[in-house]
Amino acid sequence: MPNMSSEVVDHLYCLFKGEPGLRKSTQALSFPGPQYWFSWDRKMNGIMLPMKKWGIDPRTINYDDYDDWAKGKQMLEKLQVNCPYKTIVIDSLTSMADMTLRQTMKVKYGVTRQSGQAAGKLVAGIAVNEIEDYNAESSALNELIALTKDIHNFHKVNVILIAHVVKAEYRDTTKKTTHISRQIVTAGKNVAAKIPAYCGEVYHFNIDQGFVEGQGGDYTVLTTHTGDDFARTALELPSKIAFGDKPLYDTWIKPAITKLNTTNNTVTKF
């Protein structure tokens, strides 16, 4: 039976979340290679500039574009058996959920149910999802978590889940209070709310506005919960990191991992 004295932190299970364009994918690139990307967003050209700037060998960045859940699941099952990579990136959960719903529509198209009624639903001739399809999305996301957790634990690799967020407002009519936060975007709200619970590291990407209008701001990442934007870390990291053009892993995460492991190996006698 293992105990905590044998624990060594050398691989992380992360959730990178935030609005589009905040360099979530760029900072996933900063993690150790070789890497494999599940490219559901299908925009790998977006990381070419930081890859060159940081001197990353493009031969260490491997990927496939995906347009449905079935193909992604097959690849994950292969990685369960043999994983030659140090980091796996899911880019993104939001697009993966969309592709899963698209898959259900494609399977239903032209199919007749046992009742004789046509499967699927059309609005003005356009196929749209039915309520039952969202069960498929929930199941796919749950299975994604289970498979990546297995790969992460067995092969000791980093896993990064990238997700987009949207502002959500919650009202308590009894207490007459309103709470506004940014939540992960998927079609099913319940499954999206569960995802952060499985992640040891949850980083919220943001941008701090500059003081001078028109000069932009600083790219930042939150590592602790602010009340509006949930985040957490098991490492000794600043609550807010202004990373700019610096690689997140080498500059902040790797030193924090080294420090934690050094502390764990030091036995204090009382």
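Let's start at Trp40, which counts as buried because its relative accessibility is 1%, under the 20% cut-off. Keep in mind as you look around that this is a predicted model.

Which residue pairs with Trp40? The partner is Tyr66, and the two rings sit 5.3 Å apart centre to centre, with 35 degrees between the planes, a tilted arrangement. Tyr66 is buried as well, with a relative accessible area of 5%. Follow the chain on either side and you will find Trp40 in the loop between β2 (35-39) and α2 (48-53), while Tyr66 lies in the loop between β3 (61-65) and α3 (69-81). The pair therefore ties together parts that are 26 residues apart in sequence.

The structure holds eleven aromatic pairs. One of them joins Tyr36 and Phe38 in an edge-to-face arrangement, at 5.0 Å centre to centre and 85 degrees between the planes. Are these two residues buried or exposed? Tyr36 counts as buried because its relative accessibility is 2%, and Phe38 is buried with a relative accessible area of 0%.

There is also an aromatic cluster to pick out in the viewer: Phe16, Phe31, Tyr203, Phe205, Tyr219, Phe243 and Tyr249 belong to it. Elsewhere, rings meet lysines. Lys17 lies over the face of Phe230, 3.9 Å from the ring centre, and Lys149 is placed over the face of Tyr13, with 4.4 Å to the ring centre.

Next, have a look at His11, in the segment before β1 (13-18). His11 counts as buried because its relative accessibility is 15%, which falls under the 20% limit. Its side chain makes a polar contact of 2.5 Å with the side chain of Asp10. What does His11 touch once its neighbours within four places in sequence are left aside? The contacts are His152, Lys156, Val157 and Asn158.

Finally, let's step back to the whole chain. The protein has seven helices and eleven strands. Of its 270 residues, 41% count as buried. As for how the chain meets itself, take the contacts between residues at least 6 apart in sequence: 67% of them join residues at least 24 apart. The Trp40 and Tyr66 pair you began with links parts 26 residues apart in sequence.

Conventions:
Residues numbered from 1 in each chain as written. Predicted model: local features only at pLDDT ≥ 70, side-chain atom pairs only at ≥ 80, totals over all residues. Heavy atoms only, no water. Helix = DSSP H or I, 4+ residues; strand = E, 2+ residues; numbered from the N terminus. Buried < 20%, exposed > 50% of the residue type's maximum accessible area, 1.4 Å probe, protein only. Polar contact = N/O pair within 3.5 Å; in protein donor to acceptor, adjacent residues only side chain to side chain. Contact = heavy atoms within 4.5 Å. Phe/Tyr/Trp six-rings, centres within 6.5 Å; stacked < 30°, edge-to-face > 60°. Lys NZ or Arg CZ within 6 Å of the ring centre and 35° of its normal.
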